[in-house]
Every structure is written in structure tokens, then in C-alpha cells.
Amino acid sequence: IERNALIKSSKKKMADEGSEGGAKMMRPHDLCSAAFFGDVEKIKELLAVEPVEEEPPLETDFDPLAPVDEEAVAAAADRQARRQANEKEISHRLSTLRKIVTRLSAVNVQEYGIFATAVEQLHDDGTFSIVSRIKTSRKSPFGAAPLHWAVLGREHAAIEALEPKKSFAAAPLHWAVLGREHAAIEALISAGADPEAVIPDLNGLSIHDIIRINELHETSKVVARAIASAKEKRAVEAAAIDARNALLAEREHQRVHAQEEMRRKEEEER
């Protein structure tokens, strides 16, 4: 609960930062910002592509000796090509790394990246330990390296010696997880976002790392359910495609066999 309140407070600070006269943040314009702020409708809008019509049902009275409908074959190939193009485009949008922005006006735009930070935590027995967190910031005091050092339990002095780096861009699903926007997480994974994708410049940080480091237990459950649901959905779709392709292949086999049989009978008659 405290961590959730902290995230909400951080988002409010981002929205208020640089505002004048209590200006409210404008609706996100990009997919990553929409994911972080949980604007599911905007996510769907930004992922929308030109729809492709469903495959028509196969005729039940199949005649293996009937001529091939070349127009229908060409139309099916065109639909398949457009589906593949759509999948490629959506995949590109879901995997593009970028920073998020807050817009208080057309000119008042603040950009935030994702970064790892490490702080010393004092325990009751007087000892210290290094705790790492993944946050948003316009600049990172340490960059990617602190995460690596903190997880390994290295000395804080070694972290302080690192050169400052800017914050990093991330994929939409990283931002949704960091913002604990569960509806956005479900929408992105359902649309095909890769839950194993990493941020290369940030030590290969994945959503699973963000969940573990920031101790996002409820978010972990949401991600697991969304992954399972997406796998089930794709399995059903794949089964339907396989069944249709198997029937088409069987009919093609019947067509070839019927034509060979017809040629054989014609030769016998001659």
C-alpha cells in the first residue's frame, strides 16, 4: 500500500512539475506515456491498424474436379500478407524504446526516462545495506551500473565513483509495470508485448527485474495471469488456423488424386 501511494505521489509530482496556475497534464500522445499513466483507451488507439476481414467459411460441398478459384486464392494470399504486415507493425510499436513525457501545454513538455538508483538503508542493529530501486527521472545520478553493483552488494563508495548517466528509454510494457498500471499491462500483453523483452542499455533490465527490485507482488500476479491468458488465446487461434490449413491441404490432396485418376481413365479409354 505504501509503495502504491509512493508511485501515485510520484506521478502527481511529474504532472505538477513545471505547471503554472495549477495546469492539468494533457492526455498522453505516445504509447509509453499512455502505458505508464494507465490510459488503456489511448493504448488501443495507438495500436490500432487497418483491420483485415475474416477468412470466409470453406464450402461444405467440395468438388475435387472443380476448377480452382484463382480469385479466391489471390484474395486469401492478400489477407494473409496484410495480417503479417499488421503483426509486424504492432510488434514494432510494442518494442520501440522511448522515454515518457508529461504535457501541461503545447510547449510545457517534460521528458522522463527509466533508471536504477541505489541507497543505503540503516537497520535497527546499526548496520547498513544497499537497496536498489527502479524509478523515473529526467536524469539518473548513476545510470545502469548501480543496479548491478547494488544487487551484488558492492560497496557504496564504488557506486558513488561511477560517472553520471542520463536516464534510459524503455518499451511500453516496462513503463506499465513500473507505473503499476494493471489494466495497461493486460492490454499490452494481450496485444502481443513480449514480457521477456529487456532494456539493453540498462543491464538488460526486464519487467521481471522491475517487479523483483521494486517488490511489486500484486503486479507480478497480474503479469502472470496476463501471460497465461495471452498464451491460451494464441493457442486457440493457432489451433483454428491449423485446422483450416489441414482441411485445405487434404482438399488439395483430393484434387490432385482426382485429377490423376481422371487422366488415368482417359488414357485407358484411348
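This is a predicted model: local features need pLDDT of at least 70, side-chain atom pairs count only at pLDDT 80 or more; totals for chains, interfaces and linings use all residues.
Residues are numbered from 1 along each chain as its sequence is written. Local features need pLDDT of at least 70, side-chain atom pairs count only at pLDDT 80 or more, and totals for chains, interfaces and linings use all residues, while side-chain values use heavy atoms, without hydrogens and water.

**Overview. The protein has 10 helices and 7 strands.** Helices (H or I, at least four residues) and strands (E, at least two) are DSSP runs, numbered from the N terminus. Of its 270 residues, 34% are buried. Buried means under 20% relative accessible area, with a 1.4 Å probe and protein chains only.

**View 1. Ile210 sits in helix α9 (residues 207–213).** Ile210 counts as buried because its relative accessibility is 0%. Leaving aside residues up to four places away in sequence, Ile210 touches several residues, including Ile114, Ile134, His174 and Val177. A contact means heavy atoms within 4.5 Å. The C-alpha atoms of Ile210 and Val177 are 7.4 Å apart, though 33 residues separate them along the chain.

**View 2. Phe36 and Phe37 form an edge-to-face aromatic pair.** Rings of Phe, Tyr and Trp (its six-membered ring) pair if their centres lie within 6.5 Å; edge-to-face means planes over 60 degrees apart.

View 3. Phe36 is in helix α2 (residues 31–36) and Trp175 in helix α7 (residues 172–178), 139 residues apart. Ring pairs link Phe36, Phe37 and Trp175 into a cluster.

Notes
Buried means under 20% relative accessible area, exposed over 50%, partly exposed in between (1.4 Å probe, protein chains only). Rings of Phe, Tyr and Trp (its six-membered ring) pair if their centres lie within 6.5 Å; planes under 30 degrees apart count as stacked, over 60 as edge-to-face and the rest as tilted.
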